[in-house]
Amino acid sequence: MKEFNFKELGQRFVQLLVSLFILLLVTFVIGRVLPTDPVGAIVGELADPAAFEAMRQRLGLDLPLYQQFWIYVTSLLHGDMGTAILTGNPVTQDLASAFPATLELATLAVIISTVVGVPLGMAAALYRDTLIDQIARVISLVGHSIPVFWFGIVGLVIFYAGLSRVGGPGRVDIYLEGLVEPRTGLLLVDSLLAGDMEVFWNAVSHIILPACIPAYSAMAYITRMTRSFTLEQLNQDYVTAARQGRVLGGHCHRAYPAQYFGAAGDHSRHFLWQPAGRRGGHRDRVLSARYRPIHDQCADDWRHECRARLDADHWPDLHAAQFRGGPRLCLP
Amino acid sequence: MIEVENLEVAFGKGDDRKQVVKSVSFKVAKGETLGIVGESGCGKSTVLRSLAGLDRHWTGRIALAGQDVAKERTKQQFELAQMVFQDPYGSIHPRHRIERVLAELLRAMQRGEGWDRVVPALERVGLPAAFAERFPHELSGGQRQRVAIARALMLAPQILLLDEPTSALDVSVQAEVLNLLSDLREEQQLTYVLVSHDLSVIAHMCDRVLVMKEGVFVDELTPEAFRGGEITQAYSKTLFEASFL
Amino acid sequence: MSNVETLPGRGGFGRLFGRMATTVRLSLSKLSREPLGMVGFIVLAVLVIVAIFAPWIAPYSPTAQNLPQALQAPSWAHWAGTDEFGRDILSRLIHGTRITIQTVLAVTLIVGPVGLIVGVVAGFVGGRTDAILMRATDIVLSFPSLIPALAFAAAMGAGLQTAIIAISLTGWPPIARLARAEALVVRNTDYVAAARLYGASPLRILFLYIAPMCIPSVVVRLTLNMAGIILTAAALGFLGLGAQPPAPEWGAMISNGRKFMLDYWWVAVMPGPAILITSLAFNLVGDALRDLLDPRHVRS
Ligand SMILES: Nc1ncnc2c1ncn2[C@@H]1O[C@H](COP(=O)(O)OP(=O)(O)OP(=O)(O)O)[C@@H](O)[C@H]1O
Ligand SMILES: [Mg+2]
C-alpha cells in the first residue's frame, strides 16, 4: 500500500485554488468589462446623467476594476453572492426563495429518472442485443437528442391545452395558493403534513409535467450508464460466480451510487427554477429547461471536480445574464 | 566499436530515486556480438536504450565507433547505432504502410523521398516487394520483425542493438529471424549487442556473454563455457540452471 | 517484379483515389452491419442534400410574407402550416437545414483541430506545458457554455457567427482531454521510440506519428458532439442569440411560435422534429463510428 501523500494533496489543493481564482476572474471580466450596460438597463437609456451616476456608484461600478474584483471575491467568500442587478434583491435571497420549489422539482425528476432509467438500463444489459436492448437504446438516444425547450412546449400543448390533464403555471391553482402552512417549503410535503389532499393532488398535477420533461433526458443518461456499468460488472468474475446462486441486482448495485450521484448532480442543473412569482410559475419551469442542451453535449464525460464545486457560483451570473438578455427572454 | 565506461542510470527523483544501472563498463569490438543475459528487471533494456540514445539521463562515457557521444545525439551519431525492439506488434506504426515505415528514416534525416529504397530494403530481409503496400496488421509477427530489422538497417548503421528480438515470436519463426540476423552480420560486418532471456539464442549468436544482476555485470562467459556448462560464478550458475528447468 | 518500380510511394492521384475508395467502401460495408448507424448515415446524407438544394426543394420562399395566409393549419398546400407572417413553415425548415449544417460544420472545424492540437501537444510535450494547457482546459470545461455565449452576444451582437464562436469557445476541452489521453499512450510506444532513433523532429513525431493515432477517437467524439452542437445552437436560437430573424433558424422558430403556442400549436411544434431527427442522426452515426473505429469500446 502506498502511503497517503500529503504533498500531492497539497499540490492538488493549490491547483484547485488557482483554478477557482481564474474562474472567478473570468466570470468577473465577462460580467463587468464587456460592454454591457447594467446601469442603463436599470435606469433606462434616457435617464438623466445624475440618476445614472448615482446608480453607477450604488453598484460600485465607478471604482477601479481591481477594487471591484476584490469586492466581488471577498463578498463571495462571505456568502454574499451580490445583488441580482435588475431586481435589486440579493441573489442569495432570490436563490433561497426559489430553492424549495427547485428542490422539490429536481428531487421528483431525479426519482422519476432513476426509477425508470435503472431498470431499463439493467434490462438492456441483461438482454443485450435483443429487442429490449435496441428499444432501450433508441429511447435513450432520443433522450440525448431531444431539444428540451421544445419538448416542454409539446407537453404543454398536449397535456395542458389539449387534454387539460395537468395544471398550468404556478405551483398550485391560484384559488388553492397559501392554503397549507409552509413548513418545509416543499409543497407536496407540506400539503401531506397538513392532510390536505386537494392541494396535494393539485400540486402533483402542476409539477408532474415539469418534472417528467427534464427527467427524460436524465433518464436517457442514467439508462446508458446503468447499461454499461451492468455490462462491466457482468464481465467480472464474482458476478459470474454469484449469478449461479444469488441475486444479481445486489451485486451490481454496489458499484452504482457514486455514479448516480454524479448523474443526478449533473442533471439537477437543468432544473433551474426562477424566483417564484417573478415571471409566473410552472410554465417557466418547463421552459427553463432550455438551459439543458448545452450541458448535455458531452453527457458521458466525467465532469471535472471543480465544475461541480463552482456550479453554485454560476447561478447568480446566470440569473443576471438571463435578465440582461432582454425582451426575447420574456415568456408568454 | 562500442566503449562504455562507468555507465549509471537512475529513474525518479528524491526518495523515489532508483539506481537501475550501476557503473557498468564494457567494450565491443567491430563485428563482434555481445550477449547480455540477466533476470527480468535487472536493467538490460536500460543499458541498450542508453546506448541507442533513447534515454538521456545517464552518466558516464559512451563511445560509438571511437567517437564520444553526448546525451543528445546528432543525426550522424544516430546513424551509427539502430535498435530492434522486442515486440514487432508495437514497434511499427499501425497506420503507416510498410513503404512509409521504411522511407520515413530517410525522410526524417532529410535524405530525399526514400521511396526508391523501400524495395531493396525489403528484399534484403527476404520479403517480397508487394509488402510495401501493406499495413503492419496485414503481416505476420515474423514478417513484422523482418520489417523492423529492415528499418533498422535503412540508414546502414554499423551497430545493431537487439532487445529480445525473437522473444515475441514462436519457435519456428525465431530460427528464421536469427538466421537472417547472422547472415546480415556476415554481409555487412555489423556489430551486435543482443539482449535475451533465451540462453540457446545467446549461445547460438554470441561471441561473448555478460551476466547482469541488479544493475551490474557479475560475470563474463564465452559461448564454449556456456555450452559446456563450465560455469564457475555462483549467480551465473543459478541463472543457467534455472533456464533449463 | 516488373511492376515493382511503379509500386512504392507517390504513384499519383489515381492510386491515392483508389486507396481512398477502398477505405470508404470498407467502412460503408462495415456500417451496413449496423442498421441504426446506417439509418443515421442516410438521414445525414439526405439532410446535406436538402441543405445544398434547399432553394429548389422548398415549395415557397422562406422569408416572403403572405399575410392573408397567416397562421394556417397544416394542409396540402402548407404541409407544416404557416407562421404569423404567412410564411410556409416547411420551406423555412428546409432552408433552416443550411443554417444548422453550417453551424455544425463551422464549430467542428474550429473545435476539432484546436482540441486535437492542444491535447496532442500537452500529452506529447508533458511537464509544464501539459500542466498549463490542462489547467486552461479544466477551467474552460468548468464553464457553463451559455455564459460566454451570452457575454459574446452582448459584446458582438447576436448572430450566427457569435453563436458559432461561442459554442466553439467551450467546445474544445473535451476533445483536448481525449486527444491528450491518446497522446500519452502513443508517445511511449516503441514506434515513437524508433522514430526518435532516426532523428525525427518533435514536430514530425507529433503530426505524423501521434496525431494520426488520436484522430479516430477524436472523429467519433466530434460526431457525437455534433448532436450536442445542434441542440446548443437551437437553444441559443431559442434565446435569440443565434441567427437573427428573418433567418429560418430552428430554435428561433420555436421561440417565436411560443407566442401562439396554445392556439396555433404547429408554429412552435413543427421545428422540433427537425432538430430531434438531425441530432438523433448524428448520435446514431457517432455510436456506429465508435463501434467501427474504436476497438477498445465494445458496445455489444
Ligand atoms: N521509465 C522508467 N521509470 C522508472 N523506472 C524504470 C523505467 N524504465 C525502467 N525502469 C526500471 O528499471 C529497471 C530495469 O528495467 P529494464 O527495462 O532495463 O529491465 P530489463 O532487464 O530489460 O527487464 P526485462 O528482461 O523484463 O525486459 C526495472 O526495475 C524497471 O522497473
Ligand atoms: Mg527489457
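Predicted model: local features only at pLDDT ≥ 70, side-chain atom pairs only at ≥ 80, totals over all residues.

Colleague: Is A:Ile22 buried, partly exposed or exposed?

Modeller: The class follows from the relative accessible area, where buried means under 20% and exposed means over 50%, with partly exposed in between. For A:Ile22 the relative accessible area is 31%, and therefore the residue counts as partly exposed.

Colleague: What accessible area does the nonpolar surface patch with A:Ile22 have together?

Modeller: The patch is formed by A:Val14, A:Val18, A:Phe21, A:Ile22, A:Leu25 and A:Val29. Taken together, these residues have an accessible area of about 450 Å².

Colleague: Turning to ligand 1, which element gives the most to the shell around it?

Modeller: The shell consists of B:Phe11, B:Lys18, B:Val20, B:Ser40, B:Gly41, B:Cys42, B:Gly43, B:Lys44, B:Ser45, B:Thr46, B:Glu164 and B:His197, and these divide into three nonpolar, six polar and three charged residues. With three residues, the element that gives the most to this shell is H1(B).

Colleague: What is the distance from an oxygen atom of ligand 1 to an N or O atom in the side chain of B:Lys44?

Modeller: Several polar atoms of chain B can be listed here, including a polar backbone atom of B:Cys42 at 3.2 Å from an oxygen atom of the ligand and a polar side-chain atom of B:Glu164 at 3.4 Å from an oxygen atom of ligand 1. For the side chain of B:Lys44, the distance from its N or O atom to an oxygen atom of ligand 1 is 2.6 Å.

Colleague: How much of the accessible area that ligand 1 has on its own does the protein cover?

Modeller: On its own, ligand 1 has 640 Å² of accessible area. Of this area the protein covers 60%.

Colleague: Among the salt bridges, which residue of chain A pairs with C:Asp287?

Modeller: A search of the whole structure finds 21 salt bridges over all chains. One of them has its closest N and O atoms 3.5 Å apart and involves C:Asp287 and A:Arg137. The pair crosses between chains, from helix H12 (residues 271-293) of chain C to helix H6 (residues 131-145) of chain A, and both residues are buried. The partner of C:Asp287 in chain A is A:Arg137.

Colleague: Is B:Glu72, which meets B:Arg56 in a salt bridge, buried or exposed?

Modeller: The two side chains meet with an N to O distance of 3.4 Å, and the pair links distant parts of the chain, 16 residues apart. B:Arg56 has 38% relative accessibility and counts as partly exposed. Because its relative accessibility is 53%, B:Glu72 counts as exposed.

Colleague: What is the relative accessible area of C:Asp138, which meets C:Arg177 in a salt bridge?

Modeller: The side chains of C:Arg177 and C:Asp138 meet at 2.5 Å, N to O, and they link helix H7 (residues 160-186) with helix H5 (residues 127-141) of chain C across 39 residues. C:Arg177 counts as partly exposed at 32% relative accessibility. C:Asp138 is buried, with a relative accessible area of 2%.

Colleague: What share of the residues in chain C is buried?

Modeller: Chain C has twelve helices and zero strands, and its C-alpha trace spans about 75 × 50 × 35 Å along the principal axes. Of its 300 residues, the buried ones make up 57%.

Colleague: Where is C:Pro246, to which the peptide bond from C:Pro245 is cis?

Modeller: Most peptide bonds are trans. The bond from C:Pro245 to C:Pro246 is cis, with omega near 10°. The place of C:Pro246 is in the loop between helix H9 (202-238) and helix H10 (250-257) of chain C.

Colleague: What is the phi of C:Leu71?

Modeller: C:Leu71 is found in the loop between helix H3 (54-57) and helix H4 (89-125) of chain C, and at 19% relative accessibility it counts as buried. Most residues other than glycine have a negative phi. Although C:Leu71 is not a glycine, its phi is positive, at about 50°.

Note on methods
Residues numbered from 1 in each chain as written. Chains lettered and ligands numbered in written order. Heavy atoms only, no water. Near = heavy atom within 4 Å. Polar contact = N/O pair within 3.5 Å; in protein donor to acceptor, adjacent residues only side chain to side chain. Areas by Shrake-Rupley, 256 points an atom, 1.4 Å probe, with all protein chains shown as cover. Helix = DSSP H or I, 4+ residues; strand = E, 2+ residues; numbered from the N terminus. Nonpolar A, V, L, I, M, F, W, Y, C, P; charged D, E, K, R; others polar. Patch = residues over 30% accessible without salt bridge, like charges linked within 9 Å, V, L, I, M, F, W, Y side chains within 5 Å. Salt bridge = Lys/Arg side-chain N within 4 Å of Asp/Glu carboxyl O. Buried < 20%, exposed > 50% of the residue type's maximum accessible area, 1.4 Å probe, protein only.
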